[in-house]
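Subject: Structure handover

Hi,

Here is the structure I promised to pass on. Please open it first, then read my notes below.

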Amino acid sequence: MRGPATATVAQLSAFDEIVDVRSEGEFAEDHIPGALNCPALDDAERARVGTIYKQRSAFEAKKIGAALVSANIARHLNERFIDRPREWRPLIYCWRGGSRSGAFAHVLHQVGWRVGRLDGGYRAYRRAVIADLERLPRALRLRVVCGLTGTGKSRLLRAIRDAGGQVLDLEALAAHRGSVLGGLPDAPQPSQKMFESLVWQALRGFDRKRPVYVEAESRKIGMLRVPEALITAMWAAECIVLEAPAGVRVQLLKREYAHFFDQIDALVQRLECLLPLHGHAIIGKWKELALARRWDKLIVDLLVRHYDPAYTRATGKHYAALSHALKLALGSADDAAFAALARHCLGTENLREQVKA
């Protein structure tokens, strides 16, 4: 072969490693999940070369850019790839499959590795993601787990996954629990494009012959939008309703939101976002309960006044199959209780398949 082979998005799995040679800023906004970032030009270098291109000449920019790219490729080769075996097969991509990935792939090819170069680069990948996010949800057998706030829907999803079921955990991918208090303390949300890439990766990995369990969501999880075709498919899917007594819900919520116990100022600030809905008197009462650390009372009041009515309205409006959903009763907050419900879910699904057969 005279040079690096070109590859399409459909061939990603044929390579041992995917190397994104765009800058760290481009990579942070979005990238192929699992890719390794080895910038041919970092953010500062790209800005420098771009300025020279505009203010001086294309020739000067290319000359300086080539020197920078060469030095960076040498550094990455020495620091990242020097121990890769002869059989290693990397795929290289940049923004549009141009000079950055071309130079990088050429050097690795000259070493003797079987290098692939993504045809069309990141732009081709992004077009494939958009197309697949429109197509793939319609092919899935979704089972939507509904239930009031604090009933342990995310815990049930994890238990189903542990029991061998297929799970799409959108809140984990979005790094957000989906409510006004749902931001994770040490994990900022990804960009919208990165979230879509993560959803795309998950959807591509599912067996279409088996059901996929997903938690009921609205159009947005925190600041991120659920892909339109996916939320439409979820709203039309079969439902499972998880129910739990108030005491169990309080236990679960205290575990999930324990970080607020030491960040009362942050909790108070988030509660103020509900001011237009509930007014100064109720928000003031909630602040007092938080400052007094009366967590059980605060949680119950939030559930009764805010979360339960809002969730009931939203699910009743969007999930058409809710009225004939399978109902599961959670008796305790223990892992064993969730494991039992997960087995019941999967067992019910298997029984239905046997009846159909």
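Where is the place of Ala-175? Ala-175 sits in the loop between helix H7 (170–174) and helix H8 (192–204). Keep in mind throughout that this is a predicted model.

**Backbone points**

Ala-175 is not a glycine, yet its phi is positive, at about 55°. Ala-175 is also buried, because its relative accessible area is 10%, and buried means under 20%.

Arg-293 is another residue other than glycine with a positive phi, in this case near 60°. Look for Arg-293 in the loop between helix H12 (275–291) and helix H13 (295–318). Arg-293 counts as partly exposed, at 46% relative accessibility.

Gly-164 has a positive phi too, of about 105°. Helix H6 itself covers residues 153–162 and is mostly covered, with seven of its 10 residues buried. Those buried residues are Lys-153, Ser-154, Arg-155, Leu-156, Leu-157, Ala-159 and Ile-160.

**Aromatic rings**

How many aromatic pairs does the structure hold? There are eight. One of them joins Phe-81 and Phe-104, and here the ring centres are 6.3 Å apart and the planes stand at 80°, so this pair is edge-to-face. The cut-off behind that word is a plane angle over 60 degrees.

Why does this pair tie together separate parts of the sequence? Phe-81 belongs to helix H3 (residues 58–81) and Phe-104 to helix H4 (residues 99–111), so the pair links parts that are 23 residues apart in sequence. Both Phe-81 and Phe-104 are buried.

Phe-81, Trp-88, Phe-104 and Trp-113 make up one aromatic cluster. Arg-84 lies over the face of Trp-88, 5.3 Å from the ring centre. There is another arginine over a ring: Arg-89 has its charged end over Phe-15, at 4.6 Å from the ring centre.

**H3 against H4**

The axes of H3 and H4 are 10 Å apart, and the angle is about 50°. That angle makes H3 oblique to H4. The crossing of H3 past H4 is right-handed. On the H3 side, the contact is made by Val-69, Ile-73, His-76, Leu-77 and Phe-81. On the H4 side, Ala-103, Phe-104, Val-107, Leu-108 and Val-111 make the contact. An α-helix has 3.6 residues a turn, so residues three or four places apart point the same way.

**Two histidines**

His-76 lies in H3 and is one of the residues in the contact with H4. Is His-76 buried or exposed? His-76 is buried, with a relative accessible area of 4%. Neighbours within four places in sequence aside, His-76 is in contact with Cys-38, Pro-39, Phe-81 and Phe-104. Two of those names, Phe-81 and Phe-104, are the edge-to-face pair.

His-106 is in helix H4. His-106 is partly exposed, with a relative accessible area of 43%. From His-106 to Arg-123 is 17 residues along the chain, and their C-alpha atoms are separated by 21 Å.

**H5 against H8**

Helix H5 (residues 121–135) packs with H8 at an angle of about 65°, and the axes are 10 Å apart. H5 passes H8 in a left-handed crossing. H5 brings Tyr-122, Tyr-125, Arg-126, Ala-128, Val-129, Asp-132 and Leu-133 to the contact. H8 brings Lys-193, Glu-196, Ser-197, Val-199, Trp-200, Leu-203 and Arg-204.

**Glu-349**

Which residues is Glu-349 in contact with, leaving aside its neighbours within four places in sequence? They are Arg-141, Arg-143, Pro-211 and Tyr-213. Glu-349 lies in helix H14 (residues 335–356). Its relative accessible area is 7%, so Glu-349 is buried. Pro-211 is 138 residues from Glu-349 along the chain, yet their C-alpha atoms are separated by 8.2 Å.

Over to you.

Best wishes

Note on methods: Residues numbered from 1 in each chain as written. Predicted model: local features only at pLDDT ≥ 70, side-chain atom pairs only at ≥ 80, totals over all residues. Heavy atoms only, no water. Phe/Tyr/Trp six-rings, centres within 6.5 Å; stacked < 30°, edge-to-face > 60°. Helix = DSSP H or I, 4+ residues; strand = E, 2+ residues; numbered from the N terminus. Buried < 20%, exposed > 50% of the residue type's maximum accessible area, 1.4 Å probe, protein only. Lys NZ or Arg CZ within 6 Å of the ring centre and 35° of its normal. Axes fitted to C-alpha atoms, helices over the stretch in contact; angles between N-to-C directions. Parallel < 35°, antiparallel > 145°, perpendicular 65-115°, else oblique. Left-handed = near helix turned anticlockwise from the far one by under 90°. Contact = heavy atoms within 4.5 Å.
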